[in-house]
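Subject: Structure handover

Hello,

Please find the structure below. My notes on it follow.

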There are 2 protein chains.
Amino acid sequence: MAGPFPNEVHIAGVGMTPFGRHGDKTLVDLGKAAVETALADAGLDYEAVELAYCGHVMQGSTAGQRVLYSIGATGIPIFNVENACASGTTAVRSAAMAVGSGLAKVALAVGFEVMGRGAIPTRGDERLEKMAKADVPALPAMFSSLFNEHSRRYGTTLEQLAAVSVKNRGYGAKNPRAQFQEPVTVDDVMASREVAPPLRLFMCCPTTSGAAAVVVTSEDVARTSRKPIKMVASAMQSDPLITESDSLAGITEINTKAMRAAYEQAGVSPDDLDCAEVHDCFSIAEIIHYENLGLCERGEGGRFAEQGVEKAHVKVSTSGGLLAKGHPLGATGVAQVVEAVEQLRGESGERQVENARIALTHCQGFGGAAGVHIFTA
Amino acid sequence: MAGPFPNEVHIAGVGMTPFGRHGDKTLVDLGKAAVETALADAGLDYEAVELAYCGHVMQGSTAGQRVLYSIGATGIPIFNVENACASGTTAVRSAAMAVGSGLAKVALAVGFEVMGRGAIPTRGDERLEKMAKADVPALPAMFSSLFNEHSRRYGTTLEQLAAVSVKNRGYGAKNPRAQFQEPVTVDDVMASREVAPPLRLFMCCPTTSGAAAVVVTSEDVARTSRKPIKMVASAMQSDPLITESDSLAGITEINTKAMRAAYEQAGVSPDDLDCAEVHDCFSIAEIIHYENLGLCERGEGGRFAEQGVEKAHVKVSTSGGLLAKGHPLGATGVAQVVEAVEQLRGESGERQVENARIALTHCQGFGGAAGVHIFTA
């Protein structure tokens with residue numbers, strides 16, 4: 001596996017806070033905890049970090065500085081990066097570019113978000129504003145419309161969406177850092193209230209606070225760490241379709257392109273994957289991404305959810321995904337890498353995928369950003 | 001001059017809109033115009049662009065996509081970057097890293113902001129909120145306090161601040177894209193209303209909308225363009241002092257470090273500069289930056305403003321600076337590079353600095369980011 005950059009890129013350390021409701025904890029409390037854990041895991045002091053990329057959406061223009069100053073950072077360049085729900089992935093990819101290009105040996109990628117109810121920002125985006133009908137929040141409305149299209153074309157059912165929620169809540173029950181710690185049944189999911197009809201509450205990711213951090217290093221620095229994991233693909237894609245229409249064509253195009261680019265960089269096929277964290281912001285999204293990833297044929301995602309995914313070689317959203325682990329916007333893409341690394345290290349406890357060798361992470365931001373990374377043990 | 005990166009970095013094309021009040025124009029209208037101008041100037045089609053960095057503060061998490069989609073961009077990775085008022089500089093430095101590291105041959109840096117009255121965001125920043133006293137906006141209050149400290153220590157006067165405003169408004173009158181097109185006198189400045197006592201309105205930058213773009217390329221691509229300009233330094237610095245106290249120590253430390261790093265990268269001294277665009281968000285800031293840049297001794301900035309700067313070899317804020325050209329947050333750092341490039345090309349019209357060979361740009365974001373670039377003809 002050649003990898004995506006001229007120089008090898010490794011993840012030498014990972015850290016994250018529990019995801020969920022954090023009461024009075026600030027973004028500095030959360031970000032600091034994640035960074036300190038990641039640095040300790042990498043066996044590095046803060047002084048080793050040459051530059052930092054901070055992914056967040058609603059925390060203020062220099063929120064990254066506030067987090068990093070709290071652990072004594074001075075001097076290094078700090079970049080705050082955004083791409084909506086893919087902000088964390090963007091931070092990881094930026095750090096990987098810095099190391100992979102040879103400009104740095106140690107770069108930090110941090111993601112964090114403190115969110116309250118109804119926190120998803122629609123500022124400035126007319127399409128998103130329009131999409132928000134009287135009593136229906138904008139993003140659930142969008143994914144409800146995607147489900148309707150998928151259902152009309154391919155016969156996808158609400159019960160198939162529920163199967164995704166059941167699987168991911170099940171994984172969440174095995175992940176001590178997930179927001180939801182209880183398994184649910186298909187009946188529970190179907191009985192939860194309608195958020196954006198016909199989507200039920202348990203088919204939507206919750207509002208979440210949390211932080212995650214990864215230490216991205218060169219091969220020689222990685223060699224000094226406990227259990228480094230190699231990055232073998234880093235692909236990022238933008239595409240206007242996702243903003244021009246809330247249609248399957250849009251969500252398919254941008255994500256499929258990024259996934260294919262990542263497979264090509266890593267020289268792997270869907271069959272080679274052991275774990276995949278996908279952007280399951282809604283159950284219908286995970287179903288569409290089964291198809292985008294090539295885990296099943298186009299249109300077969302619903303049936304795959306009900307009958308295929310549990311038996312498949314690749315295990316999907318083992319962290320609990322956005323549906324159960326939670327979705328603190330900027331933290332999500334970084335936390336996906338934490339899960340991939342822990343799986344490949346064999347340190348995922350009850351939810352460990354046996355002999356996991358290759359893991360993929362996939363994140364998507366509304367407005368046009370899809371990021372895919374592949375890692376290997 | 002070795003330059004800041006393993007590979008040479010050039011600015012092959014620049015573009016910007018007029019800065020000012022733009023009525024109904026959207027960020028897409030403004031950003032599109034700037035990007036199209038920059039690409040035409042570079043003699044490149046959009047297809048040549050491999051990735052793009054978009055600096056903005058209040059435009060939404062994927063505003064960069066909205067701008068770039070409008071010119072037909074599909075596929076390339078788009079990074080939205082933020083560092084408060086240094087967001088534009090951060091975009092330029094990010095694009096320079098991509099090219100300088102060899103990862104890309106053509107990267108776009110775009111900055112834009114559409115601002116209304118009272119638009120400076122204080123979201124999430126308790127210190128900034130506290131600083132905003134009853135009737136005094138936060139940032140003028142901060143710089144008023146900096147002036148008081150400078151005045152107490154070094155005897156700096158309001159008339160010296162006024163001299164900076166007069167100089168920069170004079171340059172603005174010679175820059176067709178500046179928000180303020182009329183020269184003012186010291187009396188005019190002193191007679192303008194007190195915004196944050198004792199600071200007068202004309203000692204503060206205005207609220208501005210606008211966009212700027214630069215095409216950052218490798219040496220071989222630059223050679224095919226009309227009149228490329230070489231980047232010989234790119235330094236970025238973070239430092240907590242600027243957020244921990246609204247004190248001279250803070251604003252001095254972070255900016256001086258970035259400036260010194262840039263001088264070292266380029267192998268130049270203050271005496272070598274022909275032009276310098278500094279972050280003159282308030283007149284007192286420009287005075288402090290004279291000292292930080294080493295154009296005069298520490299504490300002498302006020303006297304230098306009144307007696308030295310007009311006669312000095314280096315011409316400061318020839319674009320009119322933030323005080324006269326305006327300060328659309330994300331656009332500012334990119335527009336500074338536009339000015340530097342035009343000066344070094346000898347295309348600055350009435351405000352052209354004779355035989356300009358070396359130009360510096362300096363931007364600072366509240367919360368802890370200072371960015372300095374140096375260019376040579």
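Predicted model: local features only at pLDDT ≥ 70, side-chain atom pairs only at ≥ 80, totals over all residues.

Residues are numbered from 1 along each chain as its sequence is written, and chains are lettered from A and ligands numbered from 1 in the order in which they are written.

Along the principal axes, the C-alpha atoms of chain A fill a box of roughly 55 × 40 × 40 Å. Of the 377 residues in chain A, 65% are buried (20 or more other C-beta atoms within 10 Å of the residue's own, with C-beta atoms placed from the backbone). Chain A has 14 helices and twelve strands, counted as DSSP runs (H or I, at least four residues, for helices; E, at least two, for strands) and numbered from the N terminus.

The contact between the chains takes 41 residues from chain A and 43 residues from chain B; two residues are in contact if their C-beta atoms, placed from the backbone, lie within 7 Å. On the chain B side, the elements giving two or more residues are α2 (63-69), β3 (78-82), α3 (87-100) and β8 (229-237).

Strand β3 (residues 78-82) of chain A pairs with β3(B) in the antiparallel sense over three bridges (pairing needs at least two DSSP bridges). There, N80(A) stands opposite E82(B).

Regards

Key: Buried ≥ 20, exposed ≤ 12 C-beta atoms within 10 Å, placed from the backbone.
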